[in-house]
Amino acid sequence: MTHQKLIFILLFLLGLNFISLTAQTLEVDADLRARFEYRHGFNNLFPDNADPAAFVNQRTRLNFNYKAEKLQLFIAIQDVSIWGDTRQILPIDGNDSFSLFEAWGALQINETWSTKLGRQVLSYDDERIFGALDWAMQGRLHDAGLLKYKKGDFMIDFGAAFSQETERNEGNDFRIQGFFTYKAMQYAYLKKSWEKSSASFLFLNTGFQDFDVNAVVDGVSYRHTTGSYFKFPIEKVNVAGSAYYQFGKANATTDLASYQVALEATYKQNKVLYGVGLEILSGTDQDGATKNNSFFPLYGTNHKFNGFMDYFYVGNHANNVGLNDIYAKAVITTGDQSNLLVKAHYFSANADLTGNADAFLGTEIDVVYTQSLMKNVKLNVGYSQMFASDSMSLIKGGRPSDNTNNWGWVQLIINPNLFSTNLNKNAN
């Protein structure tokens with residue numbers, strides 16, 4: 001985003017302070033976070049004869065939220081950069097790190113129906129299929145339109161998107177390539193809530209542009225994802241789980257049939273929350289497979305799942321051998337404003353590895369300490385270690401499994417409300 005566009009958006013939003021008496025509120029929030037990371041085997045096995053990486057990543061985001069009686073307008077602008085990525089005393093930002101993260105309008109049609117159009121976050125349930133991806137500094141966005149129904153404890157969202165690179169007079173091929181970047185998307189999400197329980201159902205259709213060997217447009221492949229998420233208590237134990245099925249096309253020439261199943265139970269006693277869980281994501285055999293059986297969770301906050309070192313499903317592990325993840329965790333309240341998370345994972349391949357290798361992939365230990373320093377200021381400190389087996393090399397490009405693989409990070413989050421006003425009151 002150019003600086004001229006940024007200035008225009010700011011002036012437009014500030015100008016809302018002088019509009020008609022139908023306006024109600026305008027709020028401006030900030031979200032500044034800086035994270036130092038030390039990477040020695042993060043996301044992939046650490047190679048021989050390499051040095052670890054270290055850097056500081058920062059996000060600076062401003063959220064403008066305007067609400068009227070039946071209208072809401074939300075705009076979020078952000079800068080995401082690495083400390084030092086722009087040379088000093090340049091007249092402009094050298095890496096063009098400004099962007100428009102969200103820009104949507106919502107209209108309340110009547111008591112039960114509303115619509116929401118524009119660039120927005122889609123987040124549902126535990127964020128396994130649709131999530132905000134807030135861990136990533138840039139977040140995850142969708143240019144989409146929603147039709148929403150809500151009455152009491154029941155809701156339905158219908159969403160759709162159609163992606164193009166630019167205005168044109170002929171053709172509609174879509175050449176922007178990214179990890180599961182869709183050309184078209186439609187979904188329906190239904191949720192019913194009770195006092196302490198809820199259940200939801202999702203049907204998602206995503207279409208991806210196909211090209212032949214000469215980069216000529218060759219149709220669209222459609223991947224369908226359908227399933228449910230639920231949670232309910234059994235006395236003092238809270239149970240949550242999900243089950244999804246994917247079918248259609250993995251690409252232009254390969255059929256798809258895959259599944260995901262997850263179940264977690266948590267129990268809190270005194271100052272400790274205990275939890276155990278299992279997630280199974282189907283995979284494709286490395287030898288001799290004719291159909292794709294690899295489930296991929298698409299647009300969720302995948303960093304939350306399967307270990308914080310992001311070895312699985314965070315920009316990787318697509319069309320692979322799947323995963324069985326058995327884990328246990330404890331969240332310990334260490335003070336009025338602090339807690340400590342300790343989580344252990346046991347990983348194994350869901351499908352057969354080449355040469356009938358052992359399915360065991362490794363174990364991971366994650367530790368995260370969270371401390372509130374003051375109002376609107378929070379500190380996170382994390383450390384993770386992967387103990388990889390020899391079989392992990394078979395899904396990580398043949399990298400050695402016997403090197404040390406660990407990751408440490410420190411993050412400071414500052415998210416105050418900068419400005420809040422009742423525009424009706426100001427106008428009077």
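Colleague: Which residues are linked with Asp31 in a network of salt bridges?

Modeller: In this predicted model, the network of salt bridges joins Asp31 with Arg33, Arg59 and Asp134. The count for the structure comes to 14 salt bridges.

Colleague: Which residue forms a salt bridge with Glu264, and where do the two partners lie?

Modeller: The partner of Glu264 is Lys329, with 3.5 Å between the closest N and O atoms. This pair links distant parts of the chain: Glu264 belongs to strand β12 (residues 254-269) and Lys329 to strand β14 (residues 323-335), 65 residues apart.

Colleague: Let us turn to the rings. What describes a pair of aromatic rings?

Modeller: Such a pair is described by the distance of the centres and the angle of the planes. In this structure the count comes to 23 aromatic pairs. Among them is the tilted pair of Phe42 and Trp407, with 4.7 Å centre to centre and 45 degrees between the planes.

Colleague: Where in the chain are Phe42 and Trp407?

Modeller: Phe42 is in the loop between β1 (23-40) and β2 (53-68), whereas Trp407 is in strand β18 (residues 405-414). The two are 365 residues apart, and the pair links distant parts of the chain. Phe42 is buried, with a relative accessible area of 12%, and Trp407 is buried at 0%.

Colleague: What is the geometry of the pair formed by Tyr182 and Tyr299?

Modeller: Tyr182 and Tyr299 are edge-to-face, with 5.5 Å centre to centre and 85 degrees between the planes. Tyr182 lies in the loop between β7 (154-162) and β8 (184-193), and Tyr299 in the loop between β13 (272-281) and β14, so the pair ties together parts that are 117 residues apart in sequence. Both Tyr182 and Tyr299 are buried.

Colleague: Which rings lie under Arg35 and Arg128?

Modeller: The charged end of Arg35 sits over the ring of Trp135, 3.7 Å from its centre. Arg128 lies over the face of Phe305, at 4.2 Å from the ring centre.

Colleague: Is Ser200 buried or exposed, and with which residues is Ser200 in contact?

Modeller: Ser200 counts as buried because its relative accessibility is 7%, under the 20% limit. Ser200 is found in strand β9 (residues 198-211). Beyond neighbours within four places in sequence, its contacts are Asp125, Tyr189, Leu190, Lys191, Gly227, Ser228 and Tyr229.

Colleague: Finally, which residues form a nonpolar patch on the surface?

Modeller: The patch consists of Leu71, Leu107, Ile109, Leu147 and Phe158, with about 410 Å² of accessible area together. Leu107 is placed in strand β4 (residues 98-108) and is partly exposed, with a relative accessible area of 43%.

Methods: Residues are numbered from 1 along each chain as its sequence is written. This is a predicted model: local features need pLDDT of at least 70, side-chain atom pairs count only at pLDDT 80 or more; totals for chains, interfaces and linings use all residues. Side-chain values use heavy atoms; hydrogens and water are left out. Patches are made of residues with over 30% relative accessible area and no salt bridge: like charges are joined within 9 Å, nonpolar side chains (Val, Leu, Ile, Met, Phe, Trp, Tyr) within 5 Å. Accessible areas come from the Shrake-Rupley method with a 1.4 Å probe; for residues, only the protein chains shown count as cover. A salt bridge is a side-chain nitrogen of Lys or Arg within 4 Å of a carboxyl oxygen of Asp or Glu. Helices (H or I, at least four residues) and strands (E, at least two) are DSSP runs, numbered from the N terminus. Buried means under 20% relative accessible area, exposed over 50%, partly exposed in between (1.4 Å probe, protein chains only). Contact means heavy atoms within 4.5 Å. Rings of Phe, Tyr and Trp (its six-membered ring) pair if their centres lie within 6.5 Å; planes under 30 degrees apart count as stacked, over 60 as edge-to-face and the rest as tilted. A charge sits over a ring if NZ of Lys or CZ of Arg is within 6 Å of the ring centre and within 35 degrees of the ring normal.
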